[in-house]
Amino acid sequence: MQTQSAMTLLPRSERKWWRDAVTYQIYIRSFADANGDGKGDVEGIRSRLPYLKKLGIDAIWITPWYPSPQNDHGYDVSNYMDIETDYGTLADAERLIKEAHEMGMRIIVDIVPNHTSDQHAWFQAALKAAPGSKERARYMFKDGKGENGELPPNNWNAVFGGSAWQRVTEADGKLGQWYLHLFAVEQPDLNWENEEVKSHLKDVLRFWLDRGVDGFRIDVAHGMVKAEGLPDVPKEDPSNPDLLAAIAMPFWDQDGVHEIYREWRKIFDSYEGDRMAVAEAWVSPSSRIARYLRHDELANSFNFEFLTSQWDAKNLKKNIDSSLSAIQEVGAPASWVFNNHDVVRSVDRFDLGLGSGSQETTLQRQGDPAKLDIARGTRRARAGALLMLALPGGAYIYQGEELALPEVRDIPEDRLTDPRWRMSNYKDRGRDGCRVPLPWNTNSAAAFGFSINKDLKPEQAWLPQSSWWGSFSVEMQDTNKASTLNMYRAALAIRKAENGLGDGPMSWIEAGDKIIAFTRPGNFACYVNFGNEIALPESAAVLLSSGALNQGKLPTDTAVWLRLP
Ligand code: NOJ
């Protein structure tokens, strides 16, 4: 039996909030539309705070809400210190933060330090300025290779497809330097060796901390620093890099990023109230993740090895074990996650599997959709949720996960907006399928209750909602005891009441290759069955299960929370 029982268990009130928190990710454009334009907004979030409170989450992470031309839906920021007009105003944001706090929920905002939008004043100035200028020095401008600089500076490709370098036209009308964009062409990479960049981003952190945010989700946290000399990637024919690259890449996980976080941590700690940051660092193995969580760096880092695990007991258990032992060494809590706005929803993923690469997040890389069994995927996603919420540490859930939303596969091609679609030469449909505006009501009016605008048809929301979308709605699930929504509500309520859940020790129960089973303090046990039906320990009381038990036995693809005698 492997155990994590060396840890001591403090009462919940004495643990730092981010060691236990269940954080709900809001993709702002798709959550709730309070001004009737078919896009979500800040007031939409505020109007749904009671829903989130009732769900039982501790914190809300809001995806980028800054002014942006929306080429990557906010991950292309044109001004870090304001709110996108379509989404509201700074005053709205301040009101939201205040009300969330009054209701006992924390707010985490998304910070995008690796790149800006090409519409950011800095980049516009850089385009107008000459090579070697201070304006260009804020970004990664380089001369090209070849006789006339006609070849890109190195062989790096962009994550979304194609070369990571774009050539610009200089003031004299001739083609000139190249700039680096690890993502879309409209997302030029900042130069993190530049002092002005470093100091501006610190001002941005203070700007939002002053407005009361409790933390930051750091976009591409492993990407800001590039290897000295920008060496070619070690391949003859570099394919598009995976965020979770299997081999070391000169643009991911460089040691220099940790210096940035040590500086940032000092800023967080200079404010009251345990301010924190969570890294979006697609790094592997777990020992590399742990480096982001050293005592003077960040609080959380998403566990993407967990997210990219197959629905397989051995594989999941191995990943849980390796993550827990790696972070235990630095005294950090785990941050489990199965869904976000970049990956195919777990309902589909747990059924179809992952495909052949390492990141395996977009539809193009999934198994054969004709074989998709939504009912089985839903059973697994529900069981996975109880697994995740019983593990030591905190958890991140993505809007709609609590409704067991499946991936939307029938968005018409001419409505796809993800830059991945365009940059893959229209081969990879990208991530729009997990970003469709939430169905709040069963009736299709007002885009299934997503919008305040009664005349807005489901297909008129910024991403069209399919006709079947309402069958997954909040309204439909609210009073149905067996719904996924009510399973999440029950799980989060139990989690809150059990001091032994969240941060703290666990012990594995050896129950064979097809079962994940473990105990937590307080005689609590979680069993997840990946194989044939099994009997549960005698005299154990069932606290919650992800599906119906069969005369006290645990069916396949089902999880149960127990109180052991
Ligand atoms: C990760 C974000 O989650 C994703 O949505 C975005 O496209 C890239 N970073 C680039 O900012």
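The model is a predicted one, in which local features need pLDDT of at least 70 and side-chain atom pairs count only at pLDDT 80 or more, while totals for chains, interfaces and linings use all residues. Residues are numbered from 1 along each chain as its sequence is written, and side-chain values use heavy atoms, with hydrogens and water left out.

To make the selections, take 18–116 + 193–228 + 241–478 as domain 1 and 506–563 as domain 3, with 121–180 forming domain 2; these bounds come from an automatic or database domain assignment. The centres of domain 1 and domain 3, taken over C-alpha atoms, lie 29 Å apart, and the contact (heavy atoms within 4.5 Å) draws 20 residues from domain 1 and 20 residues from domain 3.

Next, select Asp557 and Arg380, which form a salt bridge whose closest N and O atoms are 3.1 Å apart; the term requires a side-chain nitrogen of Lys or Arg within 4 Å of a carboxyl oxygen of Asp or Glu. Between domain 1 and domain 3, three salt bridges are counted.

Finally, on the side of domain 1 that touches domain 3, colour helix H9 (313–330) and helix H11 (374–390), the elements that give two or more residues to that side; helices are DSSP runs (H or I, at least four residues), numbered from the N terminus. H11 gives the most, with nine residues.
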